[in-house]
Amino acid sequence: MKVLFVDGTIIGNKTGAVLDTVETYVKESGSAIEVERMNFADYEHQFVDGRPSAQYNADMQRLIKKFEEADGYIIATPIFQGSIPGVLKNAFDMLHPHAMRYKPVSIVANGGTYQHHLVVENQLKPILDYFRCLVTPNYVYTHAGHFDQDNRIIDEDVHNRLRELVRVFEKYTEMSKGLSNDMLDEK
């Protein structure tokens, strides 16, 4: 199973550091998950304006293809100004509504304080619900106090929650194998 680890920002290091930790726990679990990393900072992004996807640059088309080909996702996002970054929303706007259908998704997010942990519930989960993803219930939110000066997670509770996130995500990957991403609601 190919899982796309999405670093949904073009600046900063903490989001990537959380993904690194999740990847470590996936490897330690011994699961058959094949991780592919997508760092938005490595792409030349264009604003989505409604034109056909073939009219966007090669990076945007590559981004779409990686989302479509993945069997599941770990999406990492910082919280900026009480919201997900525009570059992450822009990426979702590029995708066909069926691109992520019935695929498992776990979310990790980070912000400067505890204040913005509900952005995941109020903004990101509704977007993923629109795509009809299998969103695990246990997202992990981190804040600046959970990291040392080298952006390593130093909070043991965060480590425990990330391990649990991986465990639940693996169960969702098993569940998703029996679901087709075809439109089940059309007769």
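A residue counts as buried when its relative accessible area is under 20%, and the legends below apply that cut-off to a predicted model.

**View 1. Thr173 in helix H5.** Thr173 has a relative accessible area of 4% and is therefore buried, and its place is in helix H5, which spans residues 156-176. The side chain of Thr173 reaches the backbone oxygen of Glu170 at 2.6 Å. When residues up to four places away in sequence are not counted, Thr173 touches Met1, Ile33 and Pro104.

**View 2. The largest nonpolar core.** In soluble globular proteins, nonpolar side chains tend to be buried together. The largest nonpolar core of this model has 36 residues, and those that touch the most other members are Phe67, Ile75, Phe92, Met100 and Leu128. At least two residues of this core come from each of strand S1 (2-7), helix H2 (58-69), strand S3 (72-78), helix H3 (86-94), strand S4 (104-111) and helix H4 (119-130). Around Met100, with residues up to four places away in sequence left out, the residues touched are Phe67, Tyr73, Ile75, Phe92, Leu95, Val105, Leu128, Phe131, Arg132 and Cys133.

**View 3. Helix H3 and its cover.** The buried residues of H3 are Val87, Leu88, Asn90, Ala91, Phe92 and Met94, and what covers them includes H2, S3 and H4. Elsewhere in helix H3, Asp93 and Lys89 lie four residues apart, about one turn of the helix, and their side chains meet in a salt bridge with an N to O distance of 2.4 Å. Asp93 has a relative accessibility of 38% and so counts as partly exposed, while Lys89, at 35%, counts as partly exposed as well.

**View 4. Aromatic rings of Phe67 and Phe92.** A pair of aromatic rings is described by the distance of the centres and the angle of the planes. Four aromatic pairs are found in a search of the whole structure. In one of them, the rings of Phe67 and Phe92 have centres 6.5 Å apart and planes at 65 degrees, so the pair is edge-to-face. This pair links distant parts of the chain, with Phe67 in helix H2 and Phe92 in helix H3, 25 residues apart. Both Phe67 and Phe92 are buried, and together with Tyr73, Tyr130 and Phe131 they form one aromatic cluster.

**View 5. Charged side chains over rings.** The charged end of Lys14 sits over the ring of Phe147, at 5.6 Å from the ring's centre. In another place, Arg51 lies over the face of Tyr56, and the distance to the ring centre is 4.2 Å.

**View 6. Salt bridges around Glu36.** Side chains of opposite charge can pair when their charged atoms come close. The structure holds 17 salt bridges, among them one in which the side chains of Lys2 and Glu36 meet at 3.8 Å, N to O. Lys2 in strand S1 and Glu36 in strand S2 (residues 34-39) are 34 residues apart, and the pair links distant parts of the chain. Glu36 also forms a salt bridge with Lys66, in which the closest N and O atoms are 2.4 Å apart. Here too distant parts of the chain are linked, Glu36 lying in strand S2 and Lys66 in helix H2, 30 residues apart. A network of salt bridges links Lys2, Glu36, Lys65, Lys66 and Glu69.

**View 7. Ala109 in strand S4.** The place of Ala109 is in strand S4, where Ala109 is buried because its relative accessible area is 1%. Apart from neighbours within four places in sequence, Ala109 is in contact with Thr77, Ile79, Val120, Val140, Tyr141 and Thr142. The C-alpha atoms of Ala109 and Asn13, residues that are 96 apart along the chain, are separated by 12 Å.

**View 8. Positive phi angles in loops.** Gln81 is not a glycine, yet its phi is positive, at about 50 degrees. Gln81 lies in the loop between S3 and H3, and with a relative accessibility of 82% Gln81 counts as exposed. Arg132, likewise not a glycine, has a positive phi of about 60 degrees, and its place is in the loop between H4 and strand S5 (134-135). The relative accessible area of Arg132 is 34%, so Arg132 is partly exposed.

Conventions: Residues numbered from 1 in each chain as written. Predicted model: local features only at pLDDT ≥ 70, side-chain atom pairs only at ≥ 80, totals over all residues. Heavy atoms only, no water. Core = buried A, V, L, I, M, F, W, Y, C linked by side-chain atoms within 4.5 Å. Buried < 20%, exposed > 50% of the residue type's maximum accessible area, 1.4 Å probe, protein only. Contact = heavy atoms within 4.5 Å. Polar contact = N/O pair within 3.5 Å; in protein donor to acceptor, adjacent residues only side chain to side chain. Phe/Tyr/Trp six-rings, centres within 6.5 Å; stacked < 30°, edge-to-face > 60°. Lys NZ or Arg CZ within 6 Å of the ring centre and 35° of its normal. Salt bridge = Lys/Arg side-chain N within 4 Å of Asp/Glu carboxyl O.
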